[in-house]
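Open the model in your viewer and keep the selection tool at hand. We will go from stop to stop, and at each one you will hear what to select and what to look for.

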Amino acid sequence: MTALTAVIRGLPRDELVLRMSAVMLMIDGAQAEALLGLLTVLGGLGVVFPRVLRRPAFWWTAVGLTVVFHGAKWFWIYNHKILFTYWTIACALAVSRPMTIHILAKSARLLIGLTFLAAFSWKLFGGHFLDGSYMHYLMLCNQKFVPWTHWLTGVSMETLGACDAALRALDSGILAQDVTPLPTDDAIVNVSLFASYYTLAVEGGIAIVFLLGERVRAWWRHAFLWLFILSVYPIATVPAFALIVLTMSLADIEEGHTRLRIGALIMMALSVLSFVPRNVPRYLSLIGDFFTW
Amino acid sequence: MSRCAIFRGDPAGAVIAAESPLDWQGEASSSSATLCRTLSQDAFALYVGVRRPSALRGNRSQASLARRVALIPAGLLVIVYLCQVALTQTHDLLPSKGGGFGMYSTPDHRFFEFEVTDSDSKTYRGDHKSFYASHWRLYQRTMMMPSEELLCAVASAWRESTLRRVPITDSMLGPSAQAARGWLESDEEWGADLTLADPSESVVTSDDTHSSASIVTPASIRVRIWQTRFSAATGALHREPLGQGIEWKRGRCEALP
């Protein structure tokens, strides 16, 4: 463990960030299937031969490929893939200048801060969040949220099936009325209001501390970010977004802050492993199928 | 004459930025300019560098350049965000798409409604899932940001398919319609407020597994997209049309009034 800590402490910041970005390029850079193979090869090249990560051409190739493949389908691409494209641009610009780590760190703080500011502004001005409507809708209708609603409020899973049934009925045309009342109760109203304002507070907090940059202590920035990831992403399950934001945040952790650096790496590992519990039944079924066949 | 200053640097010796350029000043011989003494054993800690004033100015300008370079990706993010917000307001772009980070902020459930009228003036609902099965790219593209042109392209693609008339239960809508019906009917209290269509109602499908079903030749096709909203105040889902929709008739495609 001590040896591992020494290795983590000893890695130069820019090298760590560039290598982790290459790993992200491999595992989560592409949404279009045609791009997946290209980025896996490119990212793998960077992981195996880290010297190429210092070449602007490596990152500009990644930028070019993602812009061409994702740009053509921009209306379909996940936001975190677009965020990662901005980050590859930052990497390309940084390695082509002598102050690499300063450019990476500043870009990381700005990109994280602005991403959360954009998300915060959508919630603030989108018209469905402040009165708890959207969280209420998620708690009733989103299959990721429904088990949590059941656990937090005690409302039965049968009752919570109402929204899904109503959406299916509207979708299939057997229900054609403009207003469809849903079974709900006060506990859901209260939890959805709390969840709405909690999300707003943490997202707004992250935007502020990252945009203030070095005027705020690094611990504050990363504490806010980790709080958000630990409390929101297990429910909303967007580990890929968490991984990209955490990769960028490594650029903001100076070499002396070993505990922060270890913390960020542990958070990345947790984000990757967050897939596992949800998929255990599927894995078991796949293993069972394999041996049956 | 040279001046000494404390720099924060990387192990390769590249001076990143003068943290406090004149923290310590003194004269140094020119030969000492080549001797940067590490103050700490930590390879990433502070370095004492000896730089000529012109070099200090150079470092400051480099730091300033680094800050400006870092603004480029951030500026791109802001530009895309502003375009995305504008497109959601003017062209019905789905808030969760387009790089504006509007996911998990507004409901984004949308669905198609097809109405096919045959030469006998009978109107049937269309099975949009069968359309998705054969034209998923056009389906998704239209759903994300509908326009009159795309809706007309949808109507045109639908018209060019072989359309057959089948009961809703035999269509691709059948499984979800039946599941929804079963659930709605099992909850008497809630289901009492809802009016459900007859399950034997015929729909028009482009699913080619129904080769024996009668073919419908469309005289007109209406295509519309609906979206759902939820209001915490009423505790109800609200269905509302997204835009006007279009009607294809006699080879012409026009916006619905």
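Contact here means heavy atoms within 4.5 Å. By that rule, 75 residues of chain A are in contact with 78 residues of chain B. This is a predicted model, where local features need pLDDT of at least 70, side-chain atom pairs count only at pLDDT 80 or more, and totals for chains, interfaces and linings use all residues. Residues are numbered from 1 along each chain as its sequence is written, chains are lettered from A and ligands numbered from 1 in the order in which they are written, and side-chain values use heavy atoms, with hydrogens and water left out.

**Stop 1: where the chains meet**

Show both chains. The area buried between chain A and chain B is about 6,700 Å²; buried area is the accessible area (1.4 Å probe) that two parts lose on being put together, summed over both. Carbon and sulfur atoms give 69% of that area. Now select A:Phe75, A:Trp122 and A:Ile174, which supply 13% of the area that chain A buries against chain B, more than any other three residues.

Next, find A:Asp178 and B:Arg239. They form a salt bridge, with the closest N and O atoms 3.0 Å apart. The term covers a side-chain nitrogen of Lys or Arg within 4 Å of a carboxyl oxygen of Asp or Glu. Between chain A and chain B the count is one salt bridge.

**Stop 2: a link across chain A**

How many salt bridges does a search of the whole structure find over all chains? The search finds 15. For one inside chain A, select A:Glu255 and A:Arg13, whose closest N and O atoms are 3.6 Å apart. A:Glu255 is in the loop between helix 12 (239-250) and helix 13, A:Arg13 is in helix 2 (residues 13-28), and the two are 242 residues apart. Helices are DSSP runs (H or I, at least four residues), numbered from the N terminus.

**Stop 3: two crossing helices**

Select helix 1 (residues 2-10) and helix 13 (residues 258-273) of chain A: their axes come within 10 Å and cross at roughly 100°. That makes helix 1 of chain A roughly perpendicular to helix 13 of chain A, a label for angles of 65 to 115 degrees. Axes are lines fitted to C-alpha atoms, for helices over the stretch in contact, and angles run from 0 to 180 degrees between N-to-C directions. Show side chains too: A:Thr5, A:Ile8 and A:Arg9 in helix 1 meet A:Thr258, A:Arg261, A:Ile262 and A:Leu265 in helix 13.

**Stop 4: around one leucine**

Finally, select A:Leu65, found in helix 4 (residues 56-71) of chain A. Leaving aside neighbours within four places in sequence, A:Leu65 is in contact with A:Leu35, A:Leu38, A:Leu39, A:Leu42 and A:His70.

How values were computed: Angles under 35 degrees count as roughly parallel, over 145 as roughly antiparallel, 65 to 115 as roughly perpendicular and the rest as oblique.
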